[in-house]
Amino acid sequence: MGQITIEIPQSVKQDYQINSEVFLEELENLVRKFNQVDNATDLGLANDDEQIRAERMNWLRENREKYAGQYVAIDGNRLVGVGKTIREAHEQAKENDIKNPFLIRVSGENEILSGGL
Amino acid sequence: MFQLNFEKLLEYDTSQTGIGLDVTLKLSDKMLSLTAKIDTGADHCIFERQFGEKLGLKIENGIPQRFSTVTGTFLAFGHNVMLVTEGLAFDSYIFFYENEHQKINVLGRFGWLDRIVLGVIDYEGKLYLNRYE
């Protein structure tokens, strides 16, 4: 077997090292973000059910004027709590044995909210 | 004296404008990452239109809502998306701008701030974060 020796210039070695570090850092960030979502799934908060999401949004469309300015707690398409604060709506949901309701502050169609910045 | 306990400590760059946090948006099998600024003056979390589209949402199928700023008003559409900040996940009602040219992503009050405990020492660039239990 013949053998070929290639001398890699120092500048190429440095570039490779820098690029490797950047690549590894990006990979670590990506893994970290995937793990975040995995943790979210473990918490039972990852709602991947398209039907449930559609039910919630339909409920909101139909009821936004009725509950405008209040917080609501929804379980599927069922209202399980309502109040002027998130605490009130959440407490009501818990009294109804729903520990993780979908909590939203409802706004009326003609209400103009603050967009911040 | 008052005391709060936090699980997460983040350090941010105080030389930059605003306080930016890494955010992951997830919908079914699609997810994406972005940076959003904490904005306690924003009533909701609002993101660029392109991000909603990348998640597969038809933006105008969401619930329309008008927002105001010092320079005028804008329209955005609300959707139910999972919002993850620093490992804390929230099944939230968030908004996407109608206008594709609006590029400011904000973490606002309803849907994010109202379900966390937040501490900031801006002098040191430190941000403490916890889920409200």
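Chain B puts 32 residues into its contact with chain A, and chain A answers with 27 residues. Keep in mind that this is a predicted model. Below is a quick look at chain B's side of that contact, then at a few of its residues.

**The side of chain B that touches chain A**
- Five strands of chain B each give two or more residues here: β2 (20-27), β3 (30-38), β5 (63-69), β6 (72-85) and β7 (88-97).
- The largest share comes from β5(B), with 6 residues.
- Sorted by class, this side has 14 nonpolar, 12 polar and 6 charged residues.

**Strand pairing across the chains**
- Strand β4 of chain A (residues 112-114) runs parallel to β5(B), and 3 bridges join the two.
- Within β5(B), B:Phe67 stands opposite A:Leu113.

**A buried aspartate**
- B:Asp91 sits in strand β7 of chain B.
- B:Asp91 has 24 other C-beta atoms within 10 Å, so it counts as buried, the cut-off being 20 or more.

- Most residues other than glycine have a negative phi.
- B:Ser28 is partly exposed, because it has 14 other C-beta atoms within 10 Å.
- B:Glu86 also isn't a glycine, and has a positive phi of about 50°; you'll find B:Glu86 in the loop between β6 and β7 of chain B.
- With 17 C-beta neighbours inside 10 Å, B:Glu86 is partly exposed.

Note on methods:
Residues numbered from 1 in each chain as written. Chains lettered and ligands numbered in written order. Predicted model: local features only at pLDDT ≥ 70, side-chain atom pairs only at ≥ 80, totals over all residues. Contact = placed C-beta atoms within 7 Å. Helix = DSSP H or I, 4+ residues; strand = E, 2+ residues; numbered from the N terminus. Nonpolar A, V, L, I, M, F, W, Y, C, P; charged D, E, K, R; others polar. Pairing = 2+ DSSP bridges. Buried ≥ 20, exposed ≤ 12 C-beta atoms within 10 Å, placed from the backbone.
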